[in-house]
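I record what I looked up, in the order in which I looked.

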Amino acid sequence: MPIVKDFFIALSNNTFLNNAAKNIGPVLGANKVVAGNTIPKLLDTIEQLNAKGISVTVDNLGEFVATKGEALKAKEQILEIMAAIYDHQLDAHMSVKLSQLGAEFDIELAYDNLREILLKAHEYDNMHINIDTEKYDSLFAITQTLDRLKGEFKNVGTVIQAYLYKADALVDKYPELRLRMVKGAYKEEQNIAYQTKEEIDENYIHLVEKRLKNAKHLTSIATHDDRIINHVKQFVRDNKIERDRFEFQMLYGFRSELAEAIAKEGYQFCIYVPYGDDWFGYFMRRLAERPQNINLAIKEFIKPQFVKKAGLFTGSLVVTGLALKYLSKRGK
Ligand SMILES: Cc1cc2nc3c(=O)[nH]c(=O)nc-3n(C[C@H](O)[C@H](O)[C@H](O)COP(=O)(O)OP(=O)(O)OC[C@H]3O[C@@H](n4cnc5c(N)ncnc54)[C@H](O)[C@@H]3O)c2cc1C
């Protein structure tokens, strides 16, 4: 039901709630999908995943960066995480958002920040740096920045959002870069993006197949959709595509058993691990994708300590979410 998706996307974009949530810390079940807010906790999570043969991409959570000071702080936090990963020789790399590095108000600042990150990553055994894709409005800044950096660095890549009509051209444009293939997490207008699940799934499969046939670098197939995962497994078998040319990716805390089972089958697997205080927008986008994820919140909500910690503001949010969930079920 689109109203449910729109509701959670609107919450994810709400600056007041995002800021308020930072002070409360991850509640509503977000603590199950965010790896804490201290480096030791993060390292512990990475170690546990590595021990299961799973690599990690870390996302230093952060939305609505509006000043140079905030962008520089985000860059420092990313460098600190990278140093910790390198010092502990963990199998992990970084996913960064250009908006967090200042792109929404100063693209040169974001470029300089990203270049500094890439130089350091190069020193750290050429650690990979992925530029996550965000709202369509920011796509031009991402491709422009990537085009400036891809000659100098081999450890930079980005994400293709299959809901965009433009996705096809982007897959063709970057065969030499490591790319992550996703369906797309934001709300986009119909003049730029497919709207129905059927169209998006169909384009996703088309793009993944094309990419796997033509790519000169690793392809990350990032989805929780077992139907698509099974399709890809069959496709690589039929086309004799080696397993070192692709990996599967999922988000931390979602479908963990399936992730571990796929890794045990001998496929490369990478988990996207969000880290830090700024959990709210990330978590609301996960609820927008799959309102059933609110089950995580229900479990938390019935604990007495929840209301004490989160206060009425978050409580009312859950009640509204549950009402929408109920309505969406009735609407089916
Ligand atoms: C590693 C990773 C990185 C990402 N990076 C970006 C990015 O940079 N930019 C961006 O726009 N988006 C990003 N996304 C989000 C992505 O665009 C989708 O919004 C998100 O992954 C939901 O789509 P899906 O393919 O996982 O499955 P959906 O289309 O949401 O679900 C399809 C089917 O999969 C099954 N399923 C899905 N989730 C579950 C679950 N939790 N439990 C049980 N069954 C489930 C169900 O059968 C469901 O019907 C990323 C996603 C991942 C996994």
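**Entry 1: the ligand**

I looked up the 21 residues around the ligand and found that D132, V182, A185, T223 and H224 come nearest. A residue counts as near a molecule or strand if its C-beta atom, placed from the backbone, lies within 6 Å of it. I noted that β4 (156-161) and β7 (246-251) are the elements giving two or more residues to this shell. The largest share, 3 residues, comes from β7. Helices (H or I, at least four residues) and strands (E, at least two) are DSSP runs, numbered from the N terminus. By class I recorded 9 nonpolar, 6 polar and 6 charged residues in the shell. Ala, Val, Leu, Ile, Met, Phe, Trp, Tyr, Cys and Pro count as nonpolar, Asp, Glu, Lys and Arg as charged, and the others, Gly among them, as polar.

**Entry 2: the source**

The model is predicted; local features need pLDDT of at least 70, side-chain atom pairs count only at pLDDT 80 or more, and totals for chains, interfaces and linings use all residues. Residues are numbered from 1 along each chain as its sequence is written.

**Entry 3: the chain**

I found 13 helices and 8 strands in the chain. Of its 332 residues, 40% count as buried, that is, with 20 or more other C-beta atoms, placed from the backbone, within 10 Å of their own. Among contacts with a separation of 6 or more, 73% join residues 24 or more positions apart; a contact requires C-beta atoms, placed from the backbone, within 7 Å.

Technical notes. Buried ≥ 20, exposed ≤ 12 C-beta atoms within 10 Å, placed from the backbone. Contact = placed C-beta atoms within 7 Å.
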